[in-house]
Amino acid sequence: MTYILNNVTNCPIKGKTTVKVTSDFGKRKFYNNITKQYESGYHNGIDIIGGNEIVSFLSGIVTSTRKSVSGYSEKNSTGNYVTITHGNNLYSSYYHLKKDSVCVKKGDYIEKGTKIGLMGATGHATGKHLHFGIKKNGKWVDPKPYLLKEVSNNKNNSTEIIYVVKKGDNLTKIAARYNTTWQSIYNKNKELIGNNPNLIKVGWHLKI
């Protein structure tokens, strides 16, 4: 099912307020023109086409990226990608980006509309498009409502503090500066830091 989505307020494609959706969120069945077989399953985002430059749909902190996948790959099914945390347990994902086009890195804080890469056809993709996904409270949800309305995140909350990691820092030292605990900082940034709270890197942006 292909249809037009109008009045896109928070578009992940630069300069667009209207996009064409080629595959919707939820259960789907489609013909893979590379393997020449029908495939079915659960689609955890929407596929959109049109335009070239991919941007962050909301401000946030980059939690992971990949840029080295070349062409079709079922092993690396998401292709080249960027994932971003926006606060309030809200995450966005941008899949199938063009090889070597990803221009942000893990730990970067970026504003809404910041370029993150170019549309491509890498990974489990049979044509050039962007797979855009939203995860809320650990669960994939239909991303369309987030594209069509104003979305608030912690950046609009005056109590939010973003700290840039400096040489010699660890979570305990940072927590002491802000009268909080290292566990609290770790829990707010676990998607970025990973399983080892001792592994933080200079230049990363952490939510306090």
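How do the residues of the lining of the largest pocket divide into nonpolar, polar and charged? They divide into 7 nonpolar, 14 polar and 7 charged residues. In this classification Ala, Val, Leu, Ile, Met, Phe, Trp, Tyr, Cys and Pro count as nonpolar, Asp, Glu, Lys and Arg as charged, and the others, Gly among them, as polar.

The model is predicted: local features need pLDDT of at least 70, side-chain atom pairs count only at pLDDT 80 or more, and totals for chains, interfaces and linings use all residues. Residues are numbered from 1 along each chain as its sequence is written, and side-chain values use heavy atoms, with hydrogens and water left out.

**The largest pocket**

The largest pocket holds about 600 Å³ of space and is lined by 28 residues. Nearest its centre lie Ser23, Arg28, Phe30, His43 and Asp47. Two or more lining residues come from each of strands E2 (19-23), E3 (26-32), E4 (37-43), E5 and E9 (90-97), and E4 gives the largest share, 5 residues. Strands (E, at least two residues) and helices (H or I, at least four) are DSSP runs, numbered from the N terminus. On a 1 Å grid over the protein atoms alone, a pocket is an open set of points with protein on both sides within 12 Å along at least five of seven lines, whereas a cavity is a set where a 1.4 Å probe fits but cannot get out; lining residues have an atom within 4 Å of a point. Grid points are joined across faces, edges and corners, and a volume is the space filled by probe spheres set on the points.

Asp47 lies in strand E5 (residues 46-49), and His131 is found in strand E12. Asp47 counts as buried because its relative accessibility is 7%; His131 is likewise buried, at 4%. Buried means under 20% relative accessible area, exposed over 50%, and partly exposed in between (1.4 Å probe, protein chains only). The side chains of these residues and His43 are joined by the polar contacts in the table.

| Side-chain pair | Polar contact |
|---|---|
| Asp47 and His43 | 3.2 Å |
| His131 and His43 | 3.1 Å |
| His131 and Asp47 | 3.2 Å |

A polar contact is a pair of N or O atoms within 3.5 Å; within protein, one must be able to donate a hydrogen and the other to accept it, and residues adjacent in sequence count only if both atoms are side-chain atoms.

**The nonpolar cores**

In soluble globular proteins, nonpolar side chains tend to be buried together. A nonpolar core is a set of buried Ala, Val, Leu, Ile, Met, Phe, Trp, Tyr and Cys residues joined through side-chain atoms within 4.5 Å. The largest such core has 28 residues, and Ile13, Ile54, Phe57, Val82, Tyr94 and Leu130 have the most contacts inside it. A second, separate core of 14 residues includes Val165, Leu171, Leu206 and Ile208.

Leu206 belongs to strand E15 (residues 205-207) and is buried, since its relative accessible area is 0%. Beyond four places in sequence, the residues in contact with Leu206 (heavy atoms within 4.5 Å) include Ile61, Val165, Leu171 and Leu192.

**The cavities**

The structure holds 2 cavities of 30 Å³ or more. About 30 Å³ of space lies in the second largest cavity, whose lining includes Ile61, Asn189 and Leu192. By class, this lining has 3 nonpolar, 3 polar and 3 charged residues.
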